[in-house]
Amino acid sequence: MIKIENLEKVYKTEEIETTALNGINLHVKEGEFVSIMGPSGCGKSTLLNVMGLLDKPESGSYKFIDTELLKLNDKERSNFRKRNMGFVFQNFNLIDELTVFENIELPLIYNKVPATERKRLVNEIIERMNIVNRSGHFPQQLSGGQQQRVAVARALVTKPKLVLADEPTGNLDSSHGNEVMELLCELNETGTTIVMVTHSSHDASFSNRIINLKDGHVISEKINKNRTEELI
Amino acid sequence: MFRLNLKIALRNLWKYKGYTAINIIGLSIGLAGCLLIFIFLKFQLSFDKGEEKRDRIYRIVSSWVYPEGEFFTSGVPIPLIPAMRNDFSEFEKVAAVHQGGGILKIKNEEGGADMKLRQDIFYVEPQFFEIFKIEWLSGRPEQALSQPNMVSLSEKTAAKYFGNWKNAIGKSIRYDNKADYKVTGVFKDFPENSSFPFEVVFSYASFEDKFGKEWGWVTNRSEGYGLLREDLKAADLEKPLKQFIDKHYIEKSAAKEKHYFQPLSEVHHDARFSNFRYKTVAYKELIGLGVIGLFLLITACINFVNLATAQAISRSKEVGIRKVMGSRRKQLIWQFLSETALITVISLGIACVLTELVIPKMESLMEINVSFHLFTEPVIFVFMLILVVFVSFLAGLYPALIMSGFSPALAIKNKISSASAGGLGLRKVLVVAQFTITAVLIIATLVVVRQMEYMREKSLGFDTKAVSMVNIPGDSLSRLKYESLRERLLQLPGVRDISLTSAAPISSGNRTISFKYDDRPEDEKTQLNIKQADEHYLKTFNLPLIAGRNLSKSDTLKEFVVNEQFLKTLGIANPSDAIGKTIGLGGGASPKKIVGVVKDFNNMTFKSTISSIAIFSDKNEYAAMAIKMDIKEMMNTMKKVEQEWNTTFPDDVYEAKFLDENIQNFYRTEQVMGVLFKVFAGVVIFISFIGLFGLVSFIATQKTREIAIRKVLGASTLELVKMLNRSFLWMVLIANLAAWPLAYIFASKWLNGFVYRIEISIWPFMIAMVLSVIITLVTVSLRSFKAANTNPIDALKYE
């Protein structure tokens, strides 16, 4: 589904140039759950941002089911993003001024889904995520685990082909962290492709494949046999 | 989406209540100021706009060109109008109007006391009502104003005199105890914004001097109007006018006579000419007010931009998330613009309430009646709509561009720095701009107030305190009673002296006349300002003689006392050289001797130079009694004066005004301007400084961590306060320097309108600087002291 070739990304400041991605090649199959690991500053978040069309690389190619995404203009990028991708962040990134329901509804509004349909979809996912009694609450009134559930619900409500998760358990204690990882696994089992950046080997163990980055290069790739069999 | 954006907007406004309050208070006051100014401008610009044929209506005005300049008057010689009717086929209609005034007596038919009042009346030709469209409730102008001794009344006046306008027709009104006028017509009231305050209209046929032949004599009480033919343009009048002047001005005169056709739209705005409302508002003044309105709006918008960009970082996460969810930049720009529009609409609501509250004060200050009805006056509604759009874009666009431009990858990780939130440089520029406006207004206010003080305190060259000007009837019977009344009033304990005169030394009605000095062969090229007064004039007004003696008692012109300016104009170096020389007044009066010279006194406002003046006795011209009183017994004395007066002239109406009040009235425009400057400078200062307070609060919040770290490392509270204050002080100082040239240009332009004026000193500039520095220091320190005093652990704990 995803074919990334020779991706390069350089951050420039007045004094220094930092190469964040240095000729990355990466293929992700449909329905795969891929973890990206590596030390701080290795480029994993940059890679995720590029995959999510939030950042532009200097060169290389990024194909998503035969569509070359790097050639798209800003408008096409945001259209592509809202139709095909969902995001889960370490810091949840919910809008503080909106309720749980409204936060989840937001991507549907941008996708121009009619109001009644929106209501149905949001209620469905709220039920699935087990946060029905929280739908009128504001993010600050929820625990970290609950906030991340909302964030996952928001990522899934548009039924994206690809979910990008950036350290989804980084701000959670282990029990809430596990809950979220199980949620992602369930999601993956229903066919959604997931790419996750993580520091935690425990979290990575939930995925099919683990890719290690260092200084902007892919230094190793590991297949998680337990999970891969399921995929095959 | 709109609903959701609205929710976010409202919740954000609530979350940052303090900043919302600052924005809304600032904007409300700014918008209220704009609305008030708009209502005033709208009223002033609406003058005579209701006239159907306004584009074709012209007033005929006059001017004389003397060596010392051109003098303008709204009046025309009385024979001009009939001549023009004859000579100008370019005009469809020509009409003469002459203003008079006197005592009207209306008989009470139900047996009560008769109504007696002093009233301005207008002798009007019926053609006037063919040029100007006014609905007649009863009668038709061509009949109702066709014969002598006919009067028509406005609806309100008819109701005032006779209970109901319908009762007025056929009734009789006695004018100046001389003649009875029959009410033959009632017309609808002229609107408030008409240059014609006609309430009592006499037929022009009743005007004594209607067949006047004197082309060299003009008063601004006689005006003429013409309606241009539809197929012609104003330029078509130039050639016939030249021929007309050549044809009719055949007598030799010291001045060159000129006439102009003034478009109706200029009658209310050209200050060179007067009008029957005796009020002109020059476009210059209207533009000045408009600029102040714009200043108010800009100051309030600057607050908005500053606070919005300062707040931008806290909105960055939301922007990031929205972009990740697929929002496009354009959508975000609209979202932020609609938030600004929301604040503007809320502020406008408050501004409407403020406007409603302030309108009565504005009406009494500006002596006008205005209305503020949103739904009956769509133009106000449209203006408000434009305001909302204008303010939303002016204040909202820049923050919207900044915020919508955040990189989503950085924004979702809270990595937007205050530098990339933009506006740090711009914010500084805006604060400087705001302080520049404030400083200009402070300086302007100080200069205006100082000039007003100067005019109040500067000696006019005569005594103005405790002098009351009491009118006296001018008919021959009343004239016989002048002396005996004077004697009786002098017996009253509080009365010091009394003089009978045509006018006080300073007055709005100045009569001028051509003259011949001694044995010089020709008339002088300048006009002589004349004041008829008895031998008590100099003593009553405390006018000091510098040569010769006072006038001796006489009822007719016997001798002259002149002023120093007279000597200067004629090139006489030594005052005593003029004594014994003669003056021959224009119109062929026999020359009389100069017996004395008085020290110069101001006979007009400080905007004009002192004229060459001659004072002489002429009982027939006396119109007032100047009563000099003991200052402590003034009120008591005035009551007794009124009683005596009423016994002496039972058929007339008593009117008295204190001279210093009259003088203050000459400076009404300047006083209004002084008040406006004080109010608007105060408002702008207030808006600027609440904005500053908000900005400092935000910066202090943003720097909480830096302050805490510095404190942990050993910085004292004072050092921290200094650190936070420093940049603001610099901005204020730069703003003051930028304001100086602007304020200097304004002040010198304004002061140039006065012949007697203060010199611009460094003080208003220094005071403005010190004042703004002090206010800034206080405002900034209030907040920075709080920030510097916080326990650093609290700040660092949250990291």
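**Chain A and its interface with chain B**

In chain A, 68% of the contacts (heavy atoms within 4.5 Å) with a separation of 6 or more are between residues 24 or more positions apart. The model is predicted, so local features need pLDDT of at least 70 and side-chain atom pairs pLDDT 80 or more, while totals for chains, interfaces and linings use all residues. Residues are numbered from 1 along each chain as its sequence is written, chains are lettered from A in the order in which they are written, and side-chain values use heavy atoms, without hydrogens and water.

Chain A has 8 helices and 10 strands, taken as DSSP runs (helices H or I, at least four residues; strands E, at least two) numbered from the N terminus. Its C-alpha trace spans about 45 × 40 × 40 Å along the principal axes. Of its 232 residues, 56% count as buried, that is, under 20% relative accessible area with a 1.4 Å probe, protein chains only.

Turning to the interface, 22 residues of chain B are in contact with 28 residues of chain A. The two chains bury about 2400 Å² between them, 58% of it on carbon and sulfur atoms; this is the accessible area (1.4 Å probe) that two parts lose on being put together, summed over both.

There are 4 salt bridges between chain B and chain A, each a side-chain nitrogen of Lys or Arg within 4 Å of a carboxyl oxygen of Asp or Glu. B:Lys7 forms a salt bridge with A:Glu102, with the closest N and O atoms 2.3 Å apart. On chain B, helix 1 (2–15), helix 9 (283–324) and helix 12 (408–411) each supply at least two residues of the side that touches chain A.

How values were computed. Buried < 20%, exposed > 50% of the residue type's maximum accessible area, 1.4 Å probe, protein only.
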